[in-house]
Amino acid sequence: MRFWSIVIFVVLFIASILYLFISIQKDTIKVGLLYSKTGTMSTEEQIIEKMVKYQISKINNEGGLLNRKIEIIEYDGKSDPKEFAKGAEHLISSDVTAIFGCWTSASRKEVKPIIEKYNSLLFYPVQYEGAEESKNIIYMGSTPNQQINPIINYIKEHYGDKIYIVGSDYIYPRMAHLYIDELSKLIGLKIVGYDYPALENKDFKEIVTKIKSSNPDVVINTLNGKSNLDFFKELKIQGLTSSSIPVFSTSIDESSIKLINSKIKDKVLEGHYISNGYFNTIQNNDNKQLKAELEKQYGKDFVLTDAGFNAYMSVEFFKRAVINTKSTDTSKLKSYIKGDSIKFPSGIVYIDSNNNHIHKQMRIGKIAGDEIQIMWNSEVLTKPSPFPIFKSKDFWIEHTRKLYKSWGDNWQAQSNKGIKDE
């Protein structure tokens, strides 16, 4: 009898330990952070890490969600799209509720089928070329129409209609320029020249000479990464400043400005323009408070960019979905997030219930030193159009498919060059 009592006691003891272990395992809400810790994209992608960790730390300090702390599981994509796919598999198998991350379109394209296969949820924080939608991805970055339409309208109102286009020979610039081409047919823009230099091109002497001879009213620039430094430097060398031919850029942010200004002392960016949804010079109390908190967390040199702000918003949308559904079930979260809206320091942001892209205010800013002087702010939310309605959906899908097919074998090679895809 005593033997069986001991056996029962041991069994109950083991069962209680197992129950306690399982309870501890379920005590956190796991989320994935998928970005490049290493490789040539690591410097760019650190902003995702910082903003996701900042926001989740705040949530945990306030008691977590559903009385559970949030646990971050990180995976290093190593600046390699194929490694990002492995990361998505790993994080999903680790039972994360959602994934925050990816930067290049190449990495997102590799992760997309995996996210969809397992009905997981990805918050993607970067501007991109459009022509895509997924029930499992929340696209927090701008689509081409959100960035380019304000540029075109501003140019026509303040400068004229003659445009020269310069962009890296890559996916996003090519799609952005296709969008400008098709739009120009409708509104009477005069495109007086094109150039698609290779990624990381450093010699812009011939291109800038062609710009001078074409005498455009403005240049629209979608160059990637380090090429921007050499392009603006050559403009200044040949006497083209923002006073003579202003440049409107879509792939430069405050961190890029600070980097270029640190390397070239004669203010080659001064007076040129940028289009984005968020600038850290937005003047309201909420943004001032956010900036102050981030400086306290990461130091006075920390610069919040549009992509970083999108990552910050992503966590807030996730938080609201978990609180309001009282669940971590992916299907319930996806259902709630569709059509949700939140007021941020940048203004109200609304997630489109049809395509999971965000409606937001857009801005045009003029570069002044290391900062952005906001020149224009949309009065209403700008609707995302991943498939712009003036051409068929099949038109955009086919052109994107061809671009990705031609670039597919080069994704790894381009990542190794350290390009900033978006």
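Helices (H or I, at least four residues) and strands (E, at least two) are DSSP runs, numbered from the N terminus. This is a predicted model, where local features need pLDDT of at least 70, side-chain atom pairs count only at pLDDT 80 or more, and totals for chains, interfaces and linings use all residues. Residues are numbered from 1 along each chain as its sequence is written, and side-chain values use heavy atoms, with hydrogens and water left out.

**View 1. K267 in the loop between α9 (254-263) and β10 (273-276).** Although K267 is not a glycine, its phi is positive, at about 55°. K267 counts as exposed, with 54% relative accessibility (buried means under 20% relative accessible area, exposed over 50%, partly exposed in between; 1.4 Å probe, protein chains only).

**View 2. N215 in the loop between α7 (205-214) and β8 (218-222).** Here is another residue that is not a glycine but has a positive phi, of about 50°. N215 is partly exposed, at a relative accessible area of 46%.

**View 3. Helix α3 (residues 81-93) packed with helix α4 (residues 105-117).** Their axes lie 8 Å apart at an angle of about 30° (axes are lines fitted to C-alpha atoms, for helices over the stretch in contact, and angles run from 0 to 180 degrees between N-to-C directions). Contact, meaning heavy atoms within 4.5 Å, involves P81, K82, F84, A85, A88, E89 and I92 of α3, and A106, S107, E110, V111, I114 and I115 of α4.

**View 4. Residues 18-25, where pLDDT stays under 50.** pLDDT is the predictor's confidence in each residue, from 0 to 100. The model has zero contacts beyond four places in sequence for residues 18-25.
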